[in-house]
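Have a look at the model below before reading on.

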Amino acid sequence: MNIIAIIVLLAVTIDLLLHVFADYLNLKMIRKELPENFQGLYDPARYRKSQEYLIANTRFGWIASAFDIGLLLIFWFGKGFLLLDDWSRSLGYGPVITGLVFIAALMMLKGLFSLPFSIYRTFVIEERFGFNRTTWSTFIMDLAKRLLLVLLLGTPVVAGILAFFEYFGIYAWWYCWLAVTLYMLGIHFVAPNWIMPLFNKFTPLEKGVLRDTILSYANSINFSLENVFVMDGSKRSGKSNAFFTGFGNHKRIVLFDTLIKQHSVSELLAVLAHEMGHYKKRHIFQIMILGIFQTGFMLYLLTLFISYQELFNAFYISQKSVHAGLIFFALLFSPIDFFIGIFMKMLSRRNETVADRFAVETTHDPKSMVEALKKLSVHNLSNLLPHPFYVFLNYSHPPVLQRIKAIQ
């Protein structure tokens with residue numbers, strides 16, 4: 001076992017231990033007493049149900065994580081990568097096709113082993129707590145659509161990366177970065193109109209008080225908006241949400257149909273003002289730029305390691321290749337990715353606070369924003385008292401009580 005193997009093993013182990021420790025601290029925060037801000041809104045039975053939901057998801061997460069790591073170690077030390085590489089090469093295709101076969105086979109194996117966990121989460125845990133609305137036909141169709149999208153959209157990207165690093169030498173990362181960036185920008189523009197409608201139905205919000213209120217508010221903050229869309233979120237889950245996506249003429253503000261049923265007009269406006277705040281404060285552009293630079297950094301590092309024999313030796317492969325190097329580098333990159341992920345979550349939590357402030361200052365209605373957050377938390381069985389270390393590792397949004405305190 002060389003230094004590369006030791007780094008990967010340490011990274012995987014430490015990541016698991018940190019998250020299990022954070023989960024343990026999170027469960028220790030469970031209290032019978034309902035926080036004062038939620039008195040009268042959260043009945044004791046539903047509050048207890050939210051805690052049971054947290055416990056069920058945490059324990060399930062432990063099992064799933066242990067299984068994933070166990071599967072990786074068995075495949076790794078059972079020389080599965082070597083066997084799969086030999087089989088891919090034996091087909092007699094060129095390096096790009098061979099690489100596509102190798103990566104596709106790994107993805108298929110990972111997908112098959114993770115499928116039972118996805119089924120259990122959807123049809124057991126989410127069903128038990130009253131959220132699941134997904135039928136078996138919808139679940140199967142979603143799988144088929146995702147597989148088709150991976151084939152149509154993912155294959156050209158992976159093939160391009162393999163080709164660049166196979167034939168373009170030391171500047172491959174630069175050309176690859178440029179191509180991937182253009183591809184990412186293209187997806188941002190086409191996703192709202194072409195990809196998302198494959199999974200959900202988006203209906204323009206019907207004329208009435210809510211639509212007029214939203215459009216009037218959008219006009220008051222100089223936010224060009226032709227329509228608001230309602231998504232049939234209830235097709236898969238009883239949970240509520242809203243989101244913003246796209247750019248320019250392709251941008252969309254989307255409300256879940258479940259959200260509309262739970263909130264007043266002023267509360268819905270507060271939620272959408274928050275989403276518009278992300279756009280007005282350039283958070284979406286910011287995250288996209290950071291993602292582009294992260295991709296370039298990763299591709300540059302890949303150039304340094306893709307010909308490093310010790311990387312391949314760590315996984316029992318003696319013959320270097322771009323396709324195997326991509327997979328092994330992804331595992332080696334995990335410690336850096338862990339810290340990048342923490343930074344991105346910290347930035348996201350800050351941006352959420354800024355968007356809350358924007359919504360309150362432009363609607364002049366902090367009460368509706370607070371009520372919307374409370375109802376969302378109750379309806380979605382959110383954890384009201386997460387441990388700070390758990391928040392640090394996992395949360396992209398500040399805890400709801402922290403958001404309410406900041407608004408008030």
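What follows is a short tour of this structure, topic by topic.

## About the model

This is a predicted model, in which local features need pLDDT of at least 70 and side-chain atom pairs count only at pLDDT 80 or more, while totals for chains, interfaces and linings use all residues. Residues are numbered from 1 along each chain as its sequence is written, and side-chain values use heavy atoms, with hydrogens and water left out.

## An enclosed cavity

Rolling a probe the size of a water molecule over the atoms shows where empty space is left. On a 1 Å grid over the protein atoms alone, a cavity is a set of points where a 1.4 Å probe fits but cannot get out, whereas a pocket is an open set with protein on both sides within 12 Å along at least five of seven lines; lining residues have an atom within 4 Å of a point. Grid points are joined across faces, edges and corners, and a volume is the space filled by probe spheres set on the points.

The structure holds one cavity of 30 Å³ or more, and the largest cavity contains about 70 Å³ of space. Its lining is made of Met 29, Ile 30, Arg 31, Tyr 47, Ser 50, Gln 51, Leu 54, Ser 382, Asn 383, Leu 384 and Leu 385. By class, that lining has six nonpolar, four polar and one charged residues. Here Ala, Val, Leu, Ile, Met, Phe, Trp, Tyr, Cys and Pro count as nonpolar, Asp, Glu, Lys and Arg as charged, and the others, Gly among them, as polar.

## The second largest pocket

The second largest pocket has a volume of about 1100 Å³. It is lined by 30 residues, and the closest to its centre are Ile 103, Ala 104, Met 107, Met 108 and Val 150. Two or more lining residues come from each of α4 (95-128), α5 (136-167), α6 (172-195), α10 (283-305) and α12 (322-332). Helices (H or I, at least four residues) and strands (E, at least two) are DSSP runs, numbered from the N terminus. The lining of this pocket divides into 23 nonpolar, six polar and one charged residues.

Met 1, Ile 3, Ile 6, Ile 7, Leu 10, Ile 14, Phe 77 and Tyr 316 make a nonpolar surface patch of about 750 Å². Patches are made of residues with over 30% relative accessible area and no salt bridge; like charges are joined within 9 Å, and nonpolar side chains (Val, Leu, Ile, Met, Phe, Trp, Tyr) within 5 Å. Accessible areas come from the Shrake-Rupley method with a 1.4 Å probe, and for residues only the protein chains shown count as cover.

Helix α1 (residues 3-28) gives the most to the patch, with five residues. Leu 10 sits in helix α1 and is partly exposed, at a relative accessible area of 48%. Buried means under 20% relative accessible area, exposed over 50%, and partly exposed in between (1.4 Å probe, protein chains only).

## Salt bridges across the chain

How many salt bridges does the structure hold? There are seven, a salt bridge being a side-chain nitrogen of Lys or Arg within 4 Å of a carboxyl oxygen of Asp or Glu. In one of them, Lys 239 meets Glu 126 at 3.8 Å, N to O. This pair links distant parts of the chain, 113 residues apart: Lys 239 is in the loop between β2 (229-231) and β3 (242-245), and Glu 126 is in helix α4. Lys 239 is partly exposed at 26%, whereas Glu 126 is buried at 12%.

Asp 142 and Arg 236 also form a salt bridge, with their closest N and O atoms 2.7 Å apart. Asp 142 lies in helix α5 and Arg 236 in the loop between β2 and β3, so the pair ties together parts that are 94 residues apart in sequence. Both Asp 142 and Arg 236 are buried. Glu 267 and Lys 375 meet in a salt bridge too, at 3.1 Å, N to O. Glu 267 is in helix α9 (residues 265-280) and Lys 375 in helix α14 (residues 366-379), 108 residues apart. Glu 267 is buried at 7% relative accessibility, and Lys 375 is partly exposed at 26%.

## Two backbone exceptions

Most residues other than glycine have a negative phi. Asn 222, although not a glycine, has a positive phi of about 65°. Asn 222 is in the loop between α7 (209-220) and β2 and is exposed, at 67% relative accessibility. Leu 381, also not a glycine, has a positive phi of about 55°. Leu 381 is in the loop between α14 and α15 (388-394) and is buried, at 3% relative accessibility.
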